[in-house]
Amino acid sequence: MTGLQTSLVERIREKHAHIGVIGLGYVGLPLAVEFARAGFDVTGFDVDEDKVRQVNAGRSYIPDVSQDELGHVVTQGRFRATIDFSELSHVDVVDICVPTPLRKTKDPDLSFVVQALDVVAANLRKGQLVILESTTYPGTTDEVALPVLRATGLEVERDFFLAFSPERVDPGNKTYTTSNIPKIVGGYGAASTEAASVLYSQVVSNVVPVSSTRVAEMVKLLENTFRAVNIGLVNEIAQMCDKLDIDVWEVIDAAKTKPFGFMPFYPGPGLGGHCIPIDPFYLSWKARQTGFECRFIELAGHVNAAMPEYVVERVATALNARRKAVNGSRVHLFGMAYKKDVGDVRESPALDILDHLLRRGATLSYSDPYVPSIKHGDQLFEHVEPADALHRGTDCFVICTDHSIFDWKPIVDSGVPIVDTRNALRAFRSPTIVSLSGRTRGAPPDAA
Ligand SMILES: NC(=O)c1ccc[n+]([C@@H]2O[C@H](COP(=O)([O-])OP(=O)(O)OC[C@H]3O[C@@H](n4cnc5c(N)ncnc54)[C@H](O)[C@@H]3O)[C@@H](O)[C@H]2O)c1
């Protein structure tokens, strides 16, 4: 170990290390607050001036970070944000949490990571630890980050330290948060792995070191590919159950009583969010560079991407049963966010469902208290209170996202057909309910 590494590790252990977090979004803001709560001085860097202003005013824009928590560390002077990246030269640790989207061609878009690396390199000094947290393909840290940092003339493991540590946070999850989700850490070498492991062990209860940055990058992609493929499988099973006239939800509930060898995944209107629909394509892109074709990823991608149209077909069937066409009908969506109890609409399948229904001539409205408005082309849609949605002459409701806040009883009692893509109405019996596996859920025998 070099003297530089020893003194960095000591500074971290004594909480004297100054931490910089680049990218104050869903991942970076909770992480920065966690470091500040642990007693570190933290500076957040973002290109978005509005976010920087809000942080410095102690106002949280991320549901997983409470106003109290943020306000407390800002008032204490432990955490502040800036758009001045030259301040990176003052920090001991740089944590990069910028977006890693896909291009239209489904190729990785590392432009945000490269921009962040350029400013890190411009301010790199001896003794700093640089960690990439953004989800990306195996090899990014070695092949993309390292050359940019080495071009400064400083050498990794001798002058500075470099690691990859994937963020595994699950927005909206109250049980597992930044502090109790085990943290995978893979350094360029032993000194980098140790420094990054010591850092995270100050704020995370379980740190899992792995042998390289590539392994750490691959861990994250395996996890999210596992989800994408299994959701694809269960979405296909749901369509199969429709043909076989079987309630897919009942099948899953019974199958999950097996105490080993089965893990439940649930069908739905399609994949959403910043991770599951995107990350597997980072892996398939990288594998293709070696001539390897990822058939599972591609197949799951096809099945999952087709789910919004499948839902629209269910809507057409529900309307048809009432001698109505999609064209000219009023359809109201419950939930625009991609998952329960969050306000994130990135890649949300509800947006695709809205788009398909508009193209087929329906008139659309929606309720989602977490999403005040959405823009679709030139059209602006605004959240409608669920109670008001009942008095708009709606022809069909679609449950896209089952936020806990929704009260389903008046909606079921309205007698309007409801396409339930989430099994939100499992407790109700009514012939107006159309589940994803196609069966209407009629009245129970005792109510007949
Ligand atoms: N959101 C999740 O649930 C989640 C979970 C695990 C991993 N990840 C991964 O974490 C990374 C960040 O995701 P996120 O959801 O926090 O994204 P986000 O869009 O919520 O936040 C990213 C932030 O980075 C800022 N930014 C963009 N370019 C910048 C630059 N050059 N310099 C400084 N700031 C810049 C943006 O303004 C934004 O505030 C992605 O790679 C994502 O795949 C996300």
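**Notes on a predicted model**

Helices here are DSSP runs of H or I of at least four residues, strands are runs of E of at least two, and both are numbered from the N terminus. D341 is partly exposed, at a relative accessible area of 28%. On that scale buried is under 20% relative accessible area, exposed is over 50%, and partly exposed is in between, with a 1.4 Å probe and protein chains only. The phi of D341 is positive, near 65 degrees, and D341 is not a glycine. Most residues other than glycine have a negative phi.

Before going on, the ground rules. This is a predicted model, in which local features need pLDDT of at least 70 and side-chain atom pairs count only at pLDDT 80 or more, while totals for chains, interfaces and linings use all residues. Residues are numbered from 1 along each chain as its sequence is written, and side-chain values use heavy atoms, with hydrogens and water left out.

A second residue with positive phi is R323, at about 60 degrees, and R323 is not a glycine either. R323 belongs to the loop between α12 and β9 (330-334). Is R323 buried or exposed? R323 is exposed, with a relative accessible area of 81%.

Now the helices. Two packed helices are described by the angle between their axes and the distance between the axes. The axes are lines fitted to C-alpha atoms, for helices over the stretch in contact, and the angles run from 0 to 180 degrees between N-to-C directions.

The axes of α8 and helix α12, residues 307-320, come within 12 Å and cross at roughly 25 degrees. The two are therefore roughly parallel; the classes are under 35 degrees for roughly parallel, over 145 for roughly antiparallel, 65 to 115 for roughly perpendicular, and oblique for the rest. α8 passes α12 in a left-handed crossing, meaning that the near helix is turned anticlockwise from the far one by less than a right angle.

Which residues meet there? From α8 they are N235, A238, Q239 and D242, and from α12 they are M307, Y310 and R314. Contact means heavy atoms within 4.5 Å. By class, this contact has three nonpolar, two polar and two charged residues. Nonpolar covers Ala, Val, Leu, Ile, Met, Phe, Trp, Tyr, Cys and Pro, charged covers Asp, Glu, Lys and Arg, and the others, Gly among them, are polar.

Staying with α12, 10 of its 14 residues are buried, so α12 is largely enclosed by the rest of the structure. Among the buried residues are M307, Y310 and R314, and those three also meet α8. At 1.5 Å a residue, the 14 residues of α12 should span 20 Å, and its end C-alpha atoms are 20 Å apart, which agrees. The expected span is 1.5 Å times one less than the number of residues.

Next is α10, residues 279-289. α8 and α10 pack at about 115 degrees with their axes 8 Å apart, and their crossing is left-handed. α8 contributes M218, K220, L221, N224, T225 and A228 to the contact, and α10 contributes D279, P280, Y282 and L283. Those residues divide into six nonpolar, two polar and two charged.

Then α6, residues 140-150. The axes of α6 and α8 come within 8 Å and cross at roughly 120 degrees, and that makes α6 oblique to α8. T140, T141, D142 and E143 of α6 make the contact with T213, R214 and E217 of α8. How many of the contact residues are nonpolar, polar and charged? There are no nonpolar, three polar and four charged residues.

G187 lies in strand β7, residues 183-187, and is buried with a relative accessible area of 1%. Residues up to four places away in sequence aside, G187 touches L162, A163, S192, T193, S211, S212 and T213. T213 also takes part in the contact of α8 with α6.

L436 is in the loop between β15 (430-435) and β16 (440-441). L436 is buried, at a relative accessible area of 0%. What does L436 contact beyond its neighbours within four places in sequence? The list includes W249, P267, G268, D420 and T421, as well as M307, Y310, V311 and R314. M307, Y310, V311 and R314 are also among the buried residues of α12.

G77 follows α4 and has a positive phi, near 80 degrees.
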